[in-house]
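This report sets out computed features of the structure shown below.

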Protein chains: 2
Amino acid sequence: MAASPESIRSTVESYIKAVASGTADDVLALYAEGATVEDPVGSPVRTTRESIREFYAIIEPLEQEAELVTLRIAANTAAFHFRLVTKMGDQTVEIAPIDIMEFDDAGRIVSMRAVWGPEDMIAG
Amino acid sequence: MAASPESIRSTVESYIKAVASGTADDVLALYAEGATVEDPVGSPVRTTRESIREFYAIIEPLEQEAELVTLRIAANTAAFHFRLVTKMGDQTVEIAPIDIMEFDDAGRIVSMRAVWGPEDMIAG
């Protein structure tokens, strides 16, 4: 049975929370075995758990706040616009991509593709 | 050479305008030969020009207004949240999906996948 919209929404909300204030392993726990990550779209696709952990480990120590702006769900796919604000001393850097995720029947992420460009990073 | 972000943005803006107030052929003109349409994601993929024209012909006679809310671009891919309001007498029906599009080097649409569910249609 395909993942329900409720199950997909729950994974997306957990993902945003884990990216902002969890560990890389908290994020990894939301991914299925064999999952892929392409962030941003057009960059090399990460296909191993180690390379995905490496990606999230970079932002693990940063002080961040995240907010879900818009979430749409259809079948096994979610697309969502979210805002991630990183504090660096007196400065902040905000990035607000639209992520595209596919999910397995248990609601785990099987692929993540993030759509954003350099112009979507805002220093404040 | 891949389509520039400016070229992709221009196609998305033309698409939204054509969906709201153009003809089915105006929309079709933005699609590359061999393009596919899956709206919503999970429904049968339209793979012929005839089936894609049929899809847009349904909404051609409706009185609609559309607005681009958020657009993100990476490489040959755009993801955008837009709002389409259809007037039906005294009533309106609003639908605001997130669409995912891929583009060829000339900035024409090669695939469109719309992410939305029944809960994203709002009668007003």
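## Cavity lining

By class, the lining of the largest cavity comprises 6 nonpolar residues, 2 polar residues and 1 charged residue. In this scheme Ala, Val, Leu, Ile, Met, Phe, Trp, Tyr, Cys and Pro count as nonpolar, Asp, Glu, Lys and Arg as charged, and the others, Gly among them, as polar. The model is predicted: local features need pLDDT of at least 70 and side-chain atom pairs count only at pLDDT 80 or more, whereas totals for chains, interfaces and linings use all residues. Residues are numbered from 1 along each chain as its sequence is written, chains are lettered from A and ligands numbered from 1 in the order in which they are written, and side-chain values use heavy atoms, with hydrogens and water left out.

The structure holds 1 cavity of 30 Å³ or more, and the volume of the largest cavity is about 30 Å³. A cavity is a set of points, on a 1 Å grid over the protein atoms alone, where a 1.4 Å probe fits but cannot get out; lining residues have an atom within 4 Å of a point. Grid points are joined across faces, edges and corners, and the volume is the space filled by probe spheres set on the points. The lining consists of B:A18, B:V19, B:G22, B:T23, B:A24, B:V27, B:Y56, B:I59 and B:E60. In chain B, α1 (5-21), α2 (24-28) and α3 (49-59) each contribute at least two residues to this lining. Helices (H or I, at least four residues) and strands (E, at least two) are DSSP runs, numbered from the N terminus.

## Interface of chains A and B

Contact, defined as heavy atoms within 4.5 Å, involves 24 residues from chain A and 24 residues from chain B. The two chains bury about 1700 Å² between them, 64% of it on carbon and sulfur atoms. Buried area is the accessible area (1.4 Å probe) that two parts lose on being put together, summed over both. On the chain A side, A:R72, A:I98 and A:V115 lose the most area to chain B, together 32% of what that side buries.

Across this interface there are 2 salt bridges, each requiring a side-chain nitrogen of Lys or Arg within 4 Å of a carboxyl oxygen of Asp or Glu. A:R72 pairs with B:D120 in a salt bridge at 3.5 Å, N to O. Another salt bridge joins B:R72 and A:D120, with the closest N and O atoms 3.5 Å apart. This pair runs from strand β2 (residues 63-74) of chain B to the loop between β6 and β7 (121-123) of chain A. Over all chains, the whole structure has 22 salt bridges.

## Backbone features

Where is A:P40 placed in chain A? A:P40 belongs to the loop between β1 (31-38) and α3 (49-59), and the peptide bond joining A:D39 to A:P40 is cis, with omega about -5 degrees. In chain B, the bond from B:D39 to B:P40 is cis with omega near 0 degrees, and B:P40 sits in the loop between β1 (31-38) and α3.

A:A75, a residue other than glycine, has a positive phi near 50 degrees. A:A75 is located in the loop between β2 and β3 of chain A.

Technical notes
1 Å grid on protein atoms, 1.4 Å probe; cavity = no way out; pocket = protein on both sides within 12 Å on 5 of 7 lines; lining within 4 Å.
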